[in-house]
Structures are given as structure tokens and as C-alpha cells.
Amino acid sequence: MRLTECLFVCLTGCSLASVVPHGQTVLHLPGEIPPRNPPIVNPIRAPYQDPKQPTWLRVEDLLSRMPMREKMAQLMQGELEKWVDFTTGEFNISGMKDHMFYHSGMLRVSHPLTTAEISHQGAHLLQDWIMNDTSLSLPAIVQCEGLHGLGVPNATIFTSPIGLGASWNPELVEQAAQIIGQEARALGITQVFAPSADLARDPRHGRVEESMSEDPYLAGEMVAHFVQGLWKNKVASIVKHLVAYGNSEQGINMGPVHGGERELRTTYLPPFRKAIEAGAFTVMTSYNSYDGIPSVMNKHLLTDILRGEWDFQYWTTTDYGAPNRLCTAFKMCRDNPIDAEAITMKIFPAGQDTEGGGSFNFDSIPDLVNDGTLDIAIVDEAVRRVLRAKFDMGLFEDPFPAAAPEDWPNLIHTDKALEVAKQLDLESIVLLENHDNTLPLKDDIGSIAVIGPFADTVNYGDYTMSRPRGVTPLDGIRSRASQGVHVKHAKGCEAWSNDESGIHEATELAKSSDVAVVVVGTWTRSLEGQQEGLNATTGEAYDTNDLGLVGAQRLLVQKVAETGVPTIVVFSSGKPIVEPWISNATAALLQQFYTSEQGGEALADVLFGKYNPSGRLPLTFPRDVGSLPVVYDYLDSGRADDEPGHINDDGSIEFGRTYVTGTPLPWYEFGYGQSYSTFEYSKVEVDRKHVRKTDTITVSVQIENTSDRDGVEVVQLYVADPVSSVVTPNKQLRAFQKVFIKARETATVMLDLKVREIGLWDLDMKYVVEPGEFVAYVGRSAGDLKGGVSFYVD
């Protein structure tokens with residue numbers, strides 16, 4: 001029997017057992033088959049089935065044929081776990097029909113226990129039933145996680161989004177997204193829950209690792225290229241989480257965000273707009289409230305801005321279970337039982353088109369329409385947006401674009417994918433300190449002690465499924481070290497323990513070595529580990545009030561450094577680690593954000609000089625939690641450092657005022673990162689001094705590589721507005737370029753600047769580019785500006 005024939009038999013009301021091509025018997029449990037209403041349409045006669053017709057006509061034709069039940073179904077996400085047993089791989093076909101008949105707009109195949117085979121088979125079963133045996137043959141959008149790799153086992157894992165941001169290479173990020181799209185489409189997945197346009201404005205927040213940057217411009221460039229990379233394989237993106245999710249009160253996940261309209265538009269919204277302009281099909285709202293309004297019901301965001309100002313034509317969705325927070329967390333409705341009708345009437349008319357799993361409050365839509373509470377026009381408009389996306393995604397012509405399983409090895413986890421993943425690992429490593437040119441390690445080194453709880457493990461980010469062993473730092477160093485170099489290993493301590501008993505072994509190992517590499521940091525969990533409640537120091541709902549090293553890790557670094565052996569510390573983490581004393585107490589310091597499975601090989605390439613580090617910090621590293629927030633683009637009048645105090649190494653105190661015993665200045669500035677090469681900047685010029693608001697100008701700078709080593713420089717352009725009608729950020733990143741410069745050579749770097757993008761939101765909340773002077777600064781980081789030039793808007 002063909003699969004479609006088998007499903008047709010089930011549709012006639014029979015209960016049977018059949019073999020699905022998953023390699024095992026699948027029980028089709030008995031259940032009542034929902035009636036088909038209206039009858040099946042002849043596709044030849046239906047204009048919406050004709051790909052030659054314009055999208056608007058197809059949408060209106062199909063909408064005119066849809067009963068209320070079908071309209072409701074298009075506005076909700078079905079869940080694979082409702083009708084599959086992940087432990088056995090058995091699919092409950094009757095359960096599929098019962099569940100998906102009412103929730104068929106999308107199918108989420110993501111689950112901590114899913115596999116590529118289950119995801120593929122589940123999507124195949126659903127689309128085959130929909131396309132062959134339902135009245136309108138209206139395909140579902142198949143969705144999966146995909147922040148830094150597709151959310152199924154054996155898919156390629158890339159560095160976490162914060163690592164993508166540290167690469168400062170949007171084109172390479174686009175290649176990674178293209179690979180994620182290729183692997184998704186091979187399984188029949190047509191949309192992923194990515195990218196994240198959240199800004200990492202508070203490093204206490206657990207989901208810093210999922211953000212590209214603290215800066216709206218850098219994040220916007222990265223998410224736009226991510227969206228475009230996915231779509232190269234016709235996989236749609238869901239940009240998330242609208243809005244300001246990474247800057248919640250106390251850094252707590254889902255906490256309220258305090259802010260006004262000007263901050264909203266200046267800081268938080270630009271990355272989302274960039275994603276939409278790049279072709280994002282869906283915008284996911286956040287769990288939090290902004291200025292007292294939960295994002296899921298924020299009409300100003302969802303309708304006035306998203307539709308009215310940005311002309312977004314597709315659909316919005318909630319995050320998993322987020323609508324219920326209106327009752328349970330925000331106390332805006334009854335929560336025992338959940339008031340589904342109240343939730344629906346708060347979020348749906350506001351512009352929240354679909355309910356994205358974890359709750360099914362939109363089941364109440366037909367009753368609300370029937371009793372006159374909900375206007376059918378609102379329902380129709382939301383359905384139009386979903387249908388428009390499905391037509392433009394090409395799903396009616398190709399609802400299940402999966403490759404045959406025998407072709408997966410040529411499409412998933414390929415050599416090319418691993419090559420791109422490793423290149424991102426290389427380009428995202430940030431060299432923070434390198435005293436006395438300790439790095440790269442010399443060829444004549446005799447022995448290396450590799451120490452730390454993350455020395456012999458690959459430290460993956462969250463939203464991963466399986467975690468292959470991969471290449472650990474220890475593996476990489478052993479592989480890269482010259483023949484005859486003795487590479488030794490001691491763990492020293494567990495990351496999550498205060499047990500210091502292993503530190504003595506580590507220090508003794510260091511004493512007998514020429515150099516020590518100590519790998520310490522934070523850790524996160526796979527989706528399954530998070531579900532099991534395993535400990536972690538980063539990840540969703542793993543927030544922290546202390547950014548220092550956890551457990552015995554700090555003491556481990558201290559004791560190894562005290563041996564006098566040159567000590568290289570590697571922060572392996574998903575967020576800033578705050579241990580400023582390490583800067584001058586050790587020989588070198590590197591930041592490596594959560595990696596791909598080849599992270600250890602990339603680290604070794606940097607340590608031994610095979611690769612010259614080119615990563616730059618995508619967010620500011622504070623000196624302590626007490627000085628937060630410490631973002632680089634603080635408003636004018638912020639971050640005064642008059643008379644800072646100081647606590648000396650001997651414990652004596654030098655009292656100051658700002659702060660009494662410290663400084664508000666950061667440990668490492670946004671955009672910071674060293675190289676094995678040295679560069680000198682000169683001749684910062686602008687091609688025009690007087691410009692109009694519609695112009696694009698070019699700022700040029702000459703950069704000389706003054707070293708004997710080829711290197712890559714990340715040239716950053718910041719713009720300041722010396723006199724403005726409202727208080728503005730002291731400077732804002734407006735362009736950057738990653739440039740390869742050969743040893744002893746000079747390059748002229750050209751940075752384009754669109755004048756319309758340097759405006760502000762004035763006293764009347766109108767976006768204007770005010771006339772007058774602006775200053776374009778060029779530098780190596782937000783705290784290391786090498787030169788500036790003024791230009792004037794007429």
C-alpha cells in the first residue's frame with residue numbers, strides 16, 4: 001500500500017496497523033474522523049491552485065472557500081508530540097487528524113527527543129494527508145529550531161549567535177544560515193525559529209548567548225544576512241523576540257522591561273526592521289512586557305508600527321505558551337481555569353495573528369465570532385497574512401520539499417558545512433590580552449599543560465539536540481603541537497563544584513610545563529538537558545546575579561598563574577565573564593564563545609599562530625555587576641568617571657566619588673579585540689563635507705599593517721551628533737568592514753554611510769535628520785577611536 005492509500009483507508013473510518021517507512025510498525029489508533037466541510041475542491045477549477053495567478057487573487061479565492069473551522073486552524077500551530085511517541089517512533093494517525101484538523105497552520109517538529117527521521121516522517125504524514133485527503137489541500141508550514149544549527153540530531157552545529165556576532169562577518173553568517181536552510185529543507189522543514197534580533201543589553205540575562213550583539217546596527221546586519229541565507233534554500237525565517245527581550249528587570253528571563261517610545265525606536269526596533277526588509281516571513285513576540293504592555297497584545301507594535309509604518313505583509317506569532325502569561329504572570333485575566341476568550345480578545349485584535357504552540361486559546365475564535373464579540377474581518381485579515389506567506393513560500397506547489405533519506409549525507413552535516421562552522425569558530429575568537437607576545441606559541445616549546453573543566457569537552461550552546469564529542473581544546477592542541485611537544489592534561493575542578501581537591505594536581509602539572517592553557521567558563525544544556533532541569537549558568541531561564549567564574553574555577557586560575565609558568569586563560573562561555581584581575585595576572589587571555597564541534601581545533605589554530613585572531617567583542621564586558629548597564633552607546637551625560645575610587649592589591653582603599661571604590665568604565669569595550677599584527681590608522685577623510693539627507697557619503701581611512709604578519713582588521717565607523725534637540729547616544733556604530741592587510745602593506749578602506757540613517761526621534765516623536773554638524777569616527781573599538789572627520793547636513 002502507498003502511504004496515501006493507507007491514509008485514505010484511515011479516512012474512511014477504519015482502524016488499522018501499517019508499516020511506515022521508519023523501519024517499524026506504527027499503530028494507527030482508532031478515533032473519530034472529523035467531517036470534511038466543505039467537500040474537496042477540484043484543484044483544476046480552483047484559482048488558488050493556479051501558480052500563474054497573482055498571490056492576492058489566490059489568497060482571496062481560497063479565503064472565500066474556507067469555513068470558520070479552517071480559518072481557525074490556520075491560526076494555530078500543531079505539535080508533533082501530540083501524536084508521536086518519541087521513544088518508539090510510533091505515529092498515532094488518528095491522533096494526528098484529531099489534533100491537526102483544528103491546528104493545521106503550522107507543525108512544530110522541534111522537541112528535545114526528536115530525530116531527523118521522526119521529524120521527516122511526521123511532516124510527510126501530515127502533508128500527505130492534507131494535500132490528498134482534506135477539503136482544501138492547504139499545506140502546513142513545518143517548523144523547527146535553528147538558531148545556530150537545525151534542531152535535530154546530527155545537524156551541523158555552529159557557534160552560538162553571540163559567537164556569530166563576534167565574527168563581525170555578515171557574509172559568513174549568511175553562509176551558515178544557508179547551510180541551516182539546506183539541512184532543514186532536506187527534511188521537509190520549511191521554516192525555522194531564527195534569527196534572534198534581541199539585543200544583549202544585560203549580561204545577567206540567560207539568553208545573551210542567543211543574541212548577536214548589544215548594538216542594533218551590528219545585530220541588524222547579522223540578522224538580515226541570516227534571513228537571506230535561509231531563503232537561498234527557500235526556508236523562511238521567524239525573527240524573534242519582539243521586543244526588548246534581552247534587557248529585562250534584574251536580568252531575569254521574561255521580566256518586565258522599562259523603557260519609552262524613543263528608546264524603543266532608537267535601540268530595540270532597528271534589527272527587526274532590518275530582518276523584515278531582508279525578507280523575514282514571521283515576527284515572534286516576546287514573553288515580556290514593555291512599559292507595562294505585554295508584547296503579545298501590544299497593538300502599537302503589532303499594528304501601528306509593524307503594519308502601518310513598516311508595511312509588513314505576513315504574519316506574527318506568539319512564543320511557546322506566551323498568551324497564557326496574560327492570566328498567570330501579568331494578572332490581566334482569570335487563570336484557574338485559563339480564560340481563553342479573554343486572552344484571545346486581548347491579543348488577536350491587537351495584531352497577534354497566530355498562537356505558536358503551548359496554548360490553544362484561539363480554539364475560542366468560532367464562538368467569539370458567532371456571539372458577535374469578535375469581528376470576522378479581524379479573523380479574515382489574520383488568515384490572509386498566513387495564506388499570503390504560504391503562497392509566497394511556494395508551499396502549494398511543493399508542500400514537502402524533502403530529499404530522500406539516502407541523499408541526506410550529501411545535504412546534512414557535510415564537509416562544506418563543517419568547513420564553514422570551523423571558519424566561524426576561528427573568526428569569532430577574541431584575543432583580549434597578550435603580554436610580552438606570549439602568543440602565538442613558539443615552535444621550540446617543550447611541554448604544555450592543558451587544564452580546566454572545559455579543557456577536554458566541546459562547550460556547545462543551548463538550542464542544540466545531540467552533542468557530539470567533537471574536537472576539544474585538548475584534542476586540538478595535541479593535534480597542532482609539533483612532534484616531540486609533550487601535551488599534558490589535568491581537569492583541576494568541575495565547573496559546577498566548589499571542590500578544590502583537584503587543583504593541586506593541576507598546579508603541579510603546570511610547574512612541570514613550559515606553558516599552561518587554562519580553559520574555564522560558563523555552560524549551558526541541550527534542549528533535553530534543559531527539560532530535565534540540569535544545572536547551567538547560561539541559557540533560557542538560567543539567569544545570574546554574578547558574572548564571575550563559578551565554583552572553584554577562579555581559584556584554579558589563580559593557583560596556576562601563581563606558579564610563575566606563563567598562563568594562557570581561555571574563557572569558554574556564552575556571555576561575558578567578569579574577572580578583571582586576570583588581565584594582568586596571566587600571560588594571555590582569549591574569549592571563545594560556545595563553539596561548533598570543531599571549536600578545539602580552531603582554538604589550537606589561534607594558539608599556535610596558524611590563524612591570526614580577528615574576532616571582536618559584540619558586547620561590552622563590564623568590570624562588575626554593580627556598574628550595569630554598561631553598553632557603549634550610552635546617552636550623552638552618562639558614564640561619568642570623575643574621581644573614581646580604587647581598592648589596591650594590598651586591600652587599602654583609595655576613596656573616590658564615581659564610584660566610591662571603583663569605576664563605571666568597562667573592562668573591555670564593545671568592538672574590542674587584539675591581533676598578532678599591529679595596525680596604524682591615518683588620513684580619515686569624507687568625500688563630501690556638505691550633504692543632503694538623501695545622500696550616501698563615503699568615509700575613507702588608510703590602515704597600515706606595521707607588523708611582519710598578515711592580519712585582519714575590523715574597521716569600525718561610529719557617528720556622533722554634537723548638538724541635537726533631544727538627548728542622543730554618545731556615538732553609534734554605523735558601518736564596519738573586515739579587511740585583510742598583508743604585512744607591511746597599507747590599505748585604503750572605504751565605509752559608506754547613508755545620511756538618512758543618522759537621524760533621531762525628536763520632541764514630537766518624528767524621525768528627522770537634523771541639520772548641522774556630525775562627526776564620523778573611525779577606530780578599532782568603541783573605546784579606541786583613531787580619528788574623526790566632520791560633515792554637515794544642509
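**Ring contacts, a covered strand and salt bridges**

The charged end of K240 sits over the ring of Y463, 5.4 Å from the ring centre. The model discussed here is predicted.

Q: Which residue lies over the face of W761, and at what distance from the ring centre?
A: R265 lies over the face of W761, and the distance from the ring centre is 4.6 Å.

Q: Now to pairs of rings. How many aromatic pairs does the count come to?
A: The count comes to 23 aromatic pairs. One of them is F391 with F396: the ring centres are 4.2 Å apart and the planes lie at 15°, so this pair is stacked.

Q: Are F391 and F396 buried or exposed?
A: Both F391 and F396 are buried.

Q: And what of F571 and W667, how are their rings placed?
A: The centres of these two rings are 6.4 Å apart and the planes are at 65°, so F571 and W667 form an edge-to-face pair. F571 and W667 are both buried.

Q: Which residues form one aromatic cluster?
A: The cluster is made up of W168, Y217, Y632, F670, Y718 and F736.

Q: Turning to the surface, which residues form a nonpolar patch there?
A: I647, I653, F655 and V660 form the patch, and together they have about 400 Å² of accessible area.

Q: Where is F655 placed, and does F655 count as buried or exposed?
A: F655 is in the loop between strand 21 and strand 22. Its relative accessibility is 63%, so F655 counts as exposed.

Q: What about strand 15, how many of its residues are buried?
A: Strand 15, residues 447-451, is mostly covered, with five of its five residues buried. S447, A449 and I451 point one way from the strand, whereas I448 and V450 point the other way.

Q: How many bridges join strand 15 to strand 16, and do they run parallel or antiparallel?
A: Five bridges join strand 15 to strand 16 (residues 486-490), and the two strands run parallel. Within this pairing, A449 stands opposite K488 of strand 16.

Q: On to charges. How many salt bridges does a search of the whole structure find?
A: The search finds 44 salt bridges. Among them is the one between E562 and K559, whose closest N and O atoms are 3.8 Å apart.

Q: Why are E562 and K559 separated by about one helical turn?
A: Because they are three residues apart in helix 20 (residues 553-562), E562 and K559 have about one helical turn between them. E562 counts as exposed at 51% relative accessibility, and K559 is partly exposed, with a relative accessible area of 35%.

Q: With which residues does D695 form salt bridges?
A: The side chain of D695 meets that of R688 in a salt bridge at 3.5 Å, N to O. D695 also meets R692 in a salt bridge, at 3.4 Å, N to O.

Q: How accessible are D695, R688 and R692?
A: D695 counts as buried at 9% relative accessibility. R688 is partly exposed, with a relative accessible area of 32%, and R692 counts as exposed at 55% relative accessibility.

Q: Which residues are linked in a network of salt bridges?
A: E60, R307, D353, E381, R384 and R385 are linked in such a network.

Key: Residues numbered from 1 in each chain as written. Predicted model: local features only at pLDDT ≥ 70, side-chain atom pairs only at ≥ 80, totals over all residues. Heavy atoms only, no water. Phe/Tyr/Trp six-rings, centres within 6.5 Å; stacked < 30°, edge-to-face > 60°. Buried < 20%, exposed > 50% of the residue type's maximum accessible area, 1.4 Å probe, protein only. Lys NZ or Arg CZ within 6 Å of the ring centre and 35° of its normal. Patch = residues over 30% accessible without salt bridge, like charges linked within 9 Å, V, L, I, M, F, W, Y side chains within 5 Å. Areas by Shrake-Rupley, 256 points an atom, 1.4 Å probe, with all protein chains shown as cover. Salt bridge = Lys/Arg side-chain N within 4 Å of Asp/Glu carboxyl O. Helix = DSSP H or I, 4+ residues; strand = E, 2+ residues; numbered from the N terminus. Pairing = 2+ DSSP bridges.
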